[in-house]
Amino acid sequence: MQMIFDKGLCFFEEECAYPGVKRVAENVKKDIERVIGHRPQTINSFIGAGNCVIYGTVGRSDILQELEQQGKLDLTEVYGKREVYLFQIISNPTPDMDCALVIVGSDKRGTIYGLYHLSEILGVSPLVNWNHVWPEKKAQIVLNDDCNMISKEPSV
C-alpha cells in the first residue's frame, strides 16, 4: 500500500479534537506546504475526499472508533499507554476514499508526537522556524507500508 501526498491531500479534523492537537495539525500542514508547495485543506466530511490524513486521540474520535469496529484499524497496542502513537496507512477507510494515513495517539501528547513524526518523515527540521533550515522541495511525496509503526512509551 502506498499513499501519495500531492495537491489533493486533505486533513480530516473532528470537532472533538483537542485544541492543542488542532494547532499542531496546522503546523504540519504548513510543513507539507513547505515541501510540496500546496497546503492541505481541512475537511470534516469524507465526501469527495482523495488521499487524507486522519488524526485523533483514543477516546476522543468517533472516526477512529468506527475504523476499529470495522476491523480496518487495530488500536490494542495504543490503549492504556502514555504518549504513544500509531502511524499507519490504510486502504479504503471509507467508500469515498482510496487511502488514508491514520495517526492515533493514546493521549493528547501521543497524537501531537505522531503528527510531528509526519513532518520528520517529510524532511522538515524542527529548526525550520528558528534557523530557517528549509526542507527540500518535491512535487509529491510517496509513503508506503514501511512507515507504519507504533511508537514506544517514554522510558524516563
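Modeller: Two strands count as paired if DSSP finds at least two bridges between them. Helices (H or I, at least four residues) and strands (E, at least two) are themselves DSSP runs, numbered from the N terminus. This is a predicted model, in which local features need pLDDT of at least 70 and side-chain atom pairs count only at pLDDT 80 or more, while totals for chains, interfaces and linings use all residues. Residues are numbered from 1 along each chain as its sequence is written, and side-chain values use heavy atoms, with hydrogens and water left out.

The strand to look at is β5, residues 85–91. Strand β5 is joined to β6 by 7 bridges, and the two run antiparallel. Along this pairing, Ile90 has Ala100 of β6 as its bridge partner, and Phe87 stands opposite Ile103 of β6. β5 is also joined to β8 (residues 149–150), by 2 bridges and again antiparallel. There, Leu86 has Ile150 as its bridge partner.

These pairings belong to an open sheet of 6 strands, in the order β3-β2-β4-β6-β5-β8, with mixed pairing. The edges are β3 (41–43) and β8; each has a single partner strand, so one side of each is left without a neighbour in the sheet. In general, strands of a sheet pair through backbone hydrogen bonds, either parallel or antiparallel.

Next comes the question of cover. Buried means under 20% relative accessible area and exposed over 50%, with partly exposed in between, using a 1.4 Å probe and protein chains only. β5 is mostly covered, as 5 of its 7 residues are buried.

Contact here means heavy atoms within 4.5 Å. An α-helix has 3.6 residues a turn, so residues three or four places apart point the same way.

Ser61 caps the N-terminal end of α2, with a side-chain oxygen 3.2 Å from the backbone nitrogen of Leu64. After α2 comes Gly71, whose phi is positive, near 80 degrees.

The largest one has 27 residues, and Phe5, Phe11, Ile32, Leu101, Leu115 and Leu118 have the most contacts inside it. α1 gives the most, with 7 residues. A second, separate core of 19 residues includes Cys10, Phe12, Leu64 and Val104. In soluble globular proteins, nonpolar side chains tend to be buried together.

Ile103, which stands opposite Phe87, leads on to two residues. Leu115 touches Ile103 as well as Phe11, Val21, Val24, Ala25, Val28 and Tyr55, not counting residues up to four places away in sequence. Thr111, in helix α3, touches Ile103 too; with the same exclusion of residues up to four places away in sequence, its contacts also include Val21, Tyr55 and Gly105. Thr111 counts as buried, at 0% relative accessibility.

The cysteines need a short note. A disulfide is a pair of cysteine sulfur atoms within 2.5 Å, and a search of the whole structure finds 0 of them. Cys52 is in none; its nearest cysteine sulfur, that of Cys10, is 3.4 Å away. Cys52 counts as buried, at 0% relative accessibility. The sulfur of Cys99 is 9.4 Å from the closest cysteine sulfur, in Cys147, which is too far for a bond. Cys99 also counts as buried, at 4% relative accessibility.

Notes: A nonpolar core is a set of buried Ala, Val, Leu, Ile, Met, Phe, Trp, Tyr and Cys residues joined through side-chain atoms within 4.5 Å. A polar contact is a pair of N or O atoms within 3.5 Å; within protein, one must be able to donate a hydrogen and the other to accept it, and residues adjacent in sequence count only if both atoms are side-chain atoms.
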